[in-house]
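Dear colleague,

I am passing on the structure below, together with some notes on what came out of going through it. Please read the notes with the structure open beside you.

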Amino acid sequence: MRLKVLGTGSNGNCYILENDIESLVIELGIPFSKIKQGLGFDLSKVTAALCTHNHNDHSKSLSDALNAGIKVIVSKGTTEAKNVQHHGITHIRKGQKIKVGNFEILAFDIHHDVPEPLGFLIRHEECGLVCFLTDTTYCNYKFPGLNNIIVEANYCEDIIYEKLLADKKFLRDRVINSHMSINTCRDFLLANDLSAVNNIVLIHLSDSNSNAMEFEKKIVAATGKKVTIADAGIVIENFNKSAI
């Protein structure tokens with residue numbers, strides 16, 4: 001299994017889990033033309049697309065994907081907020097499992113400033129159990145048996161308080177109340193059993209309130225695991241259940 005990062009951060013998010021037979025799109029926050037390019041213009045391999053919430057940097061191409069015949073797995077709150085209706089929508093709620101191809105999807109609730117945002121546990125024979133968690137202040141849950149983790153590390157508390165002083169308090173508070181800091185990300189990781197984890201991928205870093213090199217060092221030091229900072233165009237070939 002490989003993980004492709006087509007986009008990450010406030011400019012648009014999209015990730016693809018794929019092997020030679022099938023693929024799963026995670027987030028639809030970039031132009032659909034770029035998603036098709038990332039799929040090698042072969043939509044026949046796509047089992048489904050997941051969308052966590054209605055903000056455009058995660059859902060911009062939701063309608064385009066549906067109109068192209070891709071099944072989109074999403075919460076009812078998200079489609080209502082987007083005012084989208086389509087026969088290709090599969091609604092999912094927290095605690096519900098859905099099987100698409102050889103991927104099994106389990107949704108869980110997260111903390112963001114939109115209706116019914118979700119995180120996803122994704123299980124596949126090749127990549128094992130993957131946690132996808134973004135745009136949340138924290139996570140309520142621990143997940144046993146994780147093999148790969150894709151998790152938000154949006155900002156550093158020290159940086160955001162230094163840069164966004166009283167005159168930008170609204171923006172600062174909005175970030176703090178809707179995104180995960182690097183320290184909360186570290187605490188989430190350490191709350192879980194990481195013994196079988198192959199990859200930790202840090203996503204959705206803020207352009208102005210993060211430090212990619214320092215974030216990577218901090219999570220490597222805390223976990224002892226392989227850590228990758230997501231950036232558009234990155235491909236992780238060994239996104240498997242165990243290291244090869």
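**A buried glutamate and its surroundings**

Glu22 is found in the loop between E2 and strand E3 (23–26), where strands (E, at least two residues) and helices (H or I, at least four) are DSSP runs numbered from the N terminus. This is a predicted model, in which local features need pLDDT of at least 70 and side-chain atom pairs count only at pLDDT 80 or more, while totals for chains, interfaces and linings use all residues. Residues are numbered from 1 along each chain as its sequence is written, and side-chain values use heavy atoms, with hydrogens and water left out.

Leaving aside residues up to four places away in sequence, Glu22 touches (heavy atoms within 4.5 Å) several residues, including Lys45, Asn102 and His124.

**Sheet and helix**

An open sheet of seven strands runs in the order E6-E5-E4-E3-E2-E1-E14, with mixed pairing; two strands pair if DSSP finds at least two bridges between them. Strands E6 (89–91) and E14 (235–236) are the edge strands.

In helix H7 (residues 182–191), Ile182, Cys185, Phe188 and Leu189 are buried. Seen down the axis of H7, its buried residues fall within an arc of 120 degrees (taken from the directions from the helix axis to the C-beta atoms), so they line one face of the helix.

Best wishes

Note on methods
Buried means under 20% relative accessible area, exposed over 50%, partly exposed in between (1.4 Å probe, protein chains only).
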